[in-house]
Amino acid sequence: MEKGQYGYIKKHKKKIITSIIILGVMILTGVILSLAMFKTTKTLIIILPILISLPFAKQIVALIMCSKFKPLTEEEHKKIEKGIHYENRDGILYDISLSRYEGMLFFPAVIVRDGRMLFLYQKAFDKKIPDVEFLKKEITRSFEMIKKPYVIVTALTVDEFIKKAETIKEPDEDYLVKDQSMREKLFELGV
C-alpha cells in the first residue's frame, strides 16, 4: 500500500510491530545462544544483538509516534468518497503526517489541488496546538521552503472537510504539476 491511500497508517503500524517482534526475537536468540554455548555474554556472538538493538529501539520510537494517530473510520471514509464531487477526488490523500521539531501532526485526509491544501484535523486542541490559527502556522512552517506557498485551509469535521473540498475548483494547467510535486513533498515530510 502506498502513502496517501486509505488504510496506509494501519498497515504501517502492522509493519512496525512485525519488525519489532522479529528484531526482538533476534536479540533474544543471540543472547540465549551466547549464554547456552559459553555460559557468558562476553563472546563475539553478542555483537549481533548489540547491533540489532539500535534498529529495534528506532522501531519502538516509530510505534510510539504512530500510536497516537487516529485514522478515519470506514464510515467517515465512505462519507468523504461519496460527498466530494468526482472531479475533486483526484487530490484526496489519506493518513498524512507532518514531522516537526515539537512532534508530529496527523491528518486523516488532505486535499492538494489548485494551489490549496485542505487539511482535516480531528484531534482536540491542547497546549501544543491551542487553536486553528496556530495549526495553520505549524503547517505553513513545514512548507516555508516552497517558493510560491499554497493556501492552507483546515477543517475540524468530516462534514466541514467535504463542504470546503467542494469549493476547490478544477486545477488550472499551471497547477497540475505543482500539485503533484506538493503531494510528493507531503509524503516526504511524514511517515
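By the criterion of a side-chain nitrogen of Lys or Arg within 4 Å of a carboxyl oxygen of Asp or Glu, the count comes to 8 salt bridges. The model is predicted; local features need pLDDT of at least 70, side-chain atom pairs count only at pLDDT 80 or more, and totals for chains, interfaces and linings use all residues. Residues are numbered from 1 along each chain as its sequence is written, and side-chain values use heavy atoms, without hydrogens and water.

Glu-138 pairs with Arg-141, with the closest N and O atoms 3.5 Å apart. The two residues are 3 apart in helix α4 (residues 132–142), so about one helical turn separates them. Helices (H or I, at least four residues) and strands (E, at least two) are DSSP runs, numbered from the N terminus. Glu-138 is buried, at 5% relative accessible area. Arg-141 is partly exposed, at 41%. Here buried means under 20% relative accessible area, exposed over 50%, and partly exposed in between (1.4 Å probe, protein chains only).

Helix α6 (residues 173–188) holds Glu-188 and Lys-185, 3 residues and about one helical turn apart. Their salt bridge has its closest N and O atoms at 3.6 Å. Glu-188 is exposed, at 58% relative accessibility, while Lys-185 is partly exposed at 22%.

A salt bridge also joins Asp-172 to Lys-169 (3.7 Å, N to O). Asp-172 is partly exposed at 36%. Lys-169 is partly exposed at 43%.

Glu-76 lies in helix α3 (residues 74–83). Glu-76 is buried but has no salt bridge; Lys-70, the nearest side chain of opposite charge, is 5.0 Å away. For charge, Lys and Arg count as positive and Asp and Glu as negative; His and the chain ends are not counted. Beyond neighbours within four places in sequence, Glu-76 is in contact with Gln-122 and Val-158 (contact: heavy atoms within 4.5 Å).

The largest pocket holds about 410 Å³ of space. Of its 17 lining residues, Lys-68, Phe-69, Met-104, Phe-106 and Lys-123 are the closest to its centre. Strand β2 (residues 103–113) gives the most to the lining, with 5 residues. A pocket is an open set of points on a 1 Å grid over the protein atoms alone, where a 1.4 Å probe fits, with protein on both sides within 12 Å along at least five of seven lines; lining residues have an atom within 4 Å of a point.

The unreviewed UniProt entry places the feature "transmembrane region" at residues 16–38 and 44–66. Residues 16–38 are 100% helix and 0% strand, with end C-alpha atoms 33 Å apart. Residues 44–66 are 87% helix and 0% strand, with end C-alpha atoms 35 Å apart.

Definitions and conventions
UniProt positions renumbered as here; feature names shortened; annotations may be inferred. Points joined across faces, edges and corners; volume = space filled by probe spheres on them.
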